[in-house]
Amino acid sequence: MGAIFNKELSEIRLNELFTSDEKCFEFLAEAKWEEGFICRKCGNSNYCPGKSPYSRRCTRCKTEESVTAGTIFHNCKFPIHKAFYIAYNVCKGKEDISTYEFARRLSLRQMTCWNFKTKIQHAINQIDSLTEEEKVSIQKIFR
Ligand SMILES: [Zn+2]
């Protein structure tokens with residue numbers, strides 16, 4: 001899974017990502033549009049900034065795509081830097097961290113951590129059942 005975690009990330013960079021939503025969005029945008037922007041609706045490659053931070057809006061059909069759309073961080077109900085922390089540790093972590101431990105470290109409810117961890121594991125296990133688009137997004141993010 002996923003390009004972001006494929007690149008070797010330094011401890012400093014990881015600490016940034018694990019504490020700042022801003023850095024996560026920036027990072028996701030880089031990974032997502034690494035090969036340039038292509039509108040998912042009309043295929044146009046020209047864009048201007050969208051309304052929400054780091055989103056991009058197609059200059060032709062005006063469709064706006066958020067930076068999290070099509071990734072496992074889409075519709076995440078808690079701060080994305082916490083989601084990043086869980087995702088990184090589930091995909092790359094050397095230790096198996098329980099959802100209770102995630103909850104304690106991140107000041108989240110255990111159920112929240114469990115749901116998100118399950119979502120990630122599901123994505124890893126069920127990658128074949130995902131749509132092409134989701135697969136590409138996940139591979140890009142977690143290759
Ligand atoms: Zn378009």
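K32 is buried here, with a relative accessible area of 12%. Bear in mind that this is a predicted model. K32 sits in helix α2, which covers residues 21-32.

Now for the cysteines. The disulfide count comes to 0. Take C48: the nearest cysteine sulfur belongs to C58 and is 8.5 Å away, so C48 is in no disulfide, given that a disulfide needs two cysteine sulfur atoms within 2.5 Å. C48 is partly exposed, at 28% relative accessible area, while C113 is buried, at 0%.

Here are the burial values side by side:

| Residue | Relative accessible area | Class |
|---|---|---|
| K32 | 12% | buried |
| C48 | 28% | partly exposed |
| C113 | 0% | buried |

On to the core. The largest nonpolar core counts 32 residues, and I72, F73, F84, I86, F102 and F116 have the most contacts inside it. Five helices each supply at least two of its residues: α1 (11-19), α2, α3 (80-92), α4 (99-106) and α5 (110-125). The top contributor is α3, which gives 7 residues.

What does F102 touch, leaving aside residues up to four places away in sequence? The list runs Y85, I86, N89, V90, I97, C113 and K117. So F102 meets C113, the cysteine with 0% relative accessible area, and also I86, another of the residues with the most contacts inside the core.

Note on methods: Residues are numbered from 1 along each chain as its sequence is written. This is a predicted model: local features need pLDDT of at least 70, side-chain atom pairs count only at pLDDT 80 or more; totals for chains, interfaces and linings use all residues. Side-chain values use heavy atoms; hydrogens and water are left out. Helices (H or I, at least four residues) and strands (E, at least two) are DSSP runs, numbered from the N terminus. Buried means under 20% relative accessible area, exposed over 50%, partly exposed in between (1.4 Å probe, protein chains only). A nonpolar core is a set of buried Ala, Val, Leu, Ile, Met, Phe, Trp, Tyr and Cys residues joined through side-chain atoms within 4.5 Å. Contact means heavy atoms within 4.5 Å.
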